[in-house]
Amino acid sequence: MTAIELAVAAPAPKRLQWMTATVREVIEETSRVRSLVIDVPGWSGHRAGQHVDVRLTGEDGYQAQRSYSIASAPETPDLVITVERIIEGEVSPYLAGEVRPGDRFELRGPIGGYFVWTVPLDGHLFLVAGGSGIAPLMAMLRHRAAANSDTPATLLYSSRTAEDIIYRAELERLDWQVGTKVVHTLTRMQPAGWSGFSRRIDRAMLEATCFPVVVRPRIFVCGPTPLVEVAARALRDIGHSQNLIKTERFGPTGGSYG
Amino acid sequence: MSDPPVSRGFRGRGRGSQSARIPPGQHLVSDFPILSAGPTPEPDLAGWHFALEDGQSPISRWSWHEFEALPQTEVTVDIHCVTTWSKLDTHWRGVSIDTLLEAAGLAEPPGTFVLAHCDGGYTTNLPSEDILDGKAMIATHFEDEPLDPEHGGPARLLVPHLYFWKSAKWVRKLQFLDHDQRGFWEDLGYHSYGDPWREQRYDGD
């Protein structure tokens, strides 16, 4: 078959259909952040790091849509998104405030094939999160744990205060697992006896926590734009290959994602 | 198709007075969010050049100094990001693709399609007709200031009638081709054309 015939024979790309999602459970992660466990009949599965588009419809037919990272592991049947309530936001105050089990909205996905990590990929895993930017990185850590991967993984996670740490208990458990390290930095307030970092992420902190350049770690950075810019630039300056640094800007940037 | 489920208690902001300018599924923002797949490249104007290619053959090449000396175009346009934000009345200055072709001595583009190449290896594909007749420029200024590196500086492609990932940051080369070759995001499941008014976000839309 010639290339032209192949092109003609190729099926038209399948459209990502909107599906009806029903909220099964609401988990209060912090005072501003909730995880929604949702049932989506016909969901095709996902890879860690991918996101979904969510569309809300009001009684008058008005619709609004936004993208949210998937926080659950591909191995679990539950689909979980984690939403931070943004004061000026339009969709997040609903999802992270109003929603209760049984409520429905539309969803389509999974979307994105770049900011993705799967266990068969070789190499160490270094994750840098700011605030609710932890969500897609949590999917990667959960995926790694579910698959019993022995890939060394380190998470550097920046939160404002200890109360703002999302998935705190689960991260503590992960930190006890062989090969996994979770390092916190608290930028605004630290509890008494705090032994983690107490400042915004900077080059020195990344040098102290990231794997050496020679092991060529796969690096994923997700958070508000200033954090992502600083971390990605510092990691490149330290000597990590630009091709191994994947970024996703996330969370409140003046309400744009709300 | 059946009606979408109503999300109990959701009201939202409503479409507002600008609704005719906001494509379906988009919402208005006043700031300028940043989305990129990797680290922001360090600007290096001394080493910067911009090139046009016909397939594998070079057509023309400009240094930063030469590029800045080309006739400038200013536009005020609305922009629409696939992540659902839209921003109205953004003001840009740069060199239109029409001007670039003319400066290269070409009456028309040498190929039906174009692949834009950027620092960092990012690419995006467009039909050539979508960058002609004032529809696109290589933008170097935003709101009368040199374009920030985070927003694609020193120069980005600006094709405001398509979703904004087509307006590739840190653009360095336009390669004209006789066939359509999908770029970076297009290869990863995003729509090959990306018309916001037809909500062509992902493959198959």
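I begin with a strand pair: strand 1 and strand 6 of chain A pair in the antiparallel sense over 4 bridges. Please keep in mind throughout that this is a predicted model. Within that pair, A:A21 stands opposite A:F105 in strand 6 of chain A.

Let me return to strand 1, residues 19-28 of chain A. Strand 1 also pairs with strand 2, residues 33-39, in the antiparallel sense over 6 bridges. In this pair A:V23 stands opposite A:I38 in strand 2 of chain A.

These pairs belong to an open sheet of 6 strands in chain A, with antiparallel pairing and the order 4-3-6-1-2-5. Which strands lie at the edges? They are strand 4 (63-69) and strand 5 (79-84) of chain A, each of which pairs on one side only. From one strand to the next, the twist averages 40°.

I turn now to the domains. Chain A is divided into domain 1, residues 19-111, and domain 2, residues 125-249. The centres of the two domains, taken over C-alpha atoms, are separated by 24 Å. Domain 1 of chain A gives 16 residues to the contact, and domain 2 of chain A gives 15 residues. On the domain 1 side, the residues divide into 6 nonpolar, 7 polar and 3 charged.

My next topic is helix 6 of chain A, residues 225-238. Its 14 residues, at 1.5 Å a residue, should span 20 Å, and this agrees with its end C-alpha atoms, which are 20 Å apart. Among the buried residues of helix 6 are A:L227, A:V228, A:A231 and A:L235 of chain A. What do the buried residues of this helix pack against? Their partners in chain A are strand 7 (125-130), strand 8 (153-159), helix 5 (203-209), strand 10 (218-223) and strand 11 (245-249). After helix 6 comes A:G239, with a positive phi near 125°.

Finally, the two chains. In the contact between them, 35 residues of chain B meet 40 residues of chain A. The chain B side has 13 nonpolar, 14 polar and 8 charged residues.

Key
Residues numbered from 1 in each chain as written. Chains lettered and ligands numbered in written order. Predicted model: local features only at pLDDT ≥ 70, side-chain atom pairs only at ≥ 80, totals over all residues. Helix = DSSP H or I, 4+ residues; strand = E, 2+ residues; numbered from the N terminus. Expected span 1.5 Å × (residues − 1). Buried ≥ 20, exposed ≤ 12 C-beta atoms within 10 Å, placed from the backbone. Contact = placed C-beta atoms within 7 Å. Domains from an automatic or database assignment. Nonpolar A, V, L, I, M, F, W, Y, C, P; charged D, E, K, R; others polar. Pairing = 2+ DSSP bridges. Axes fitted to C-alpha atoms, helices over the stretch in contact; angles between N-to-C directions.
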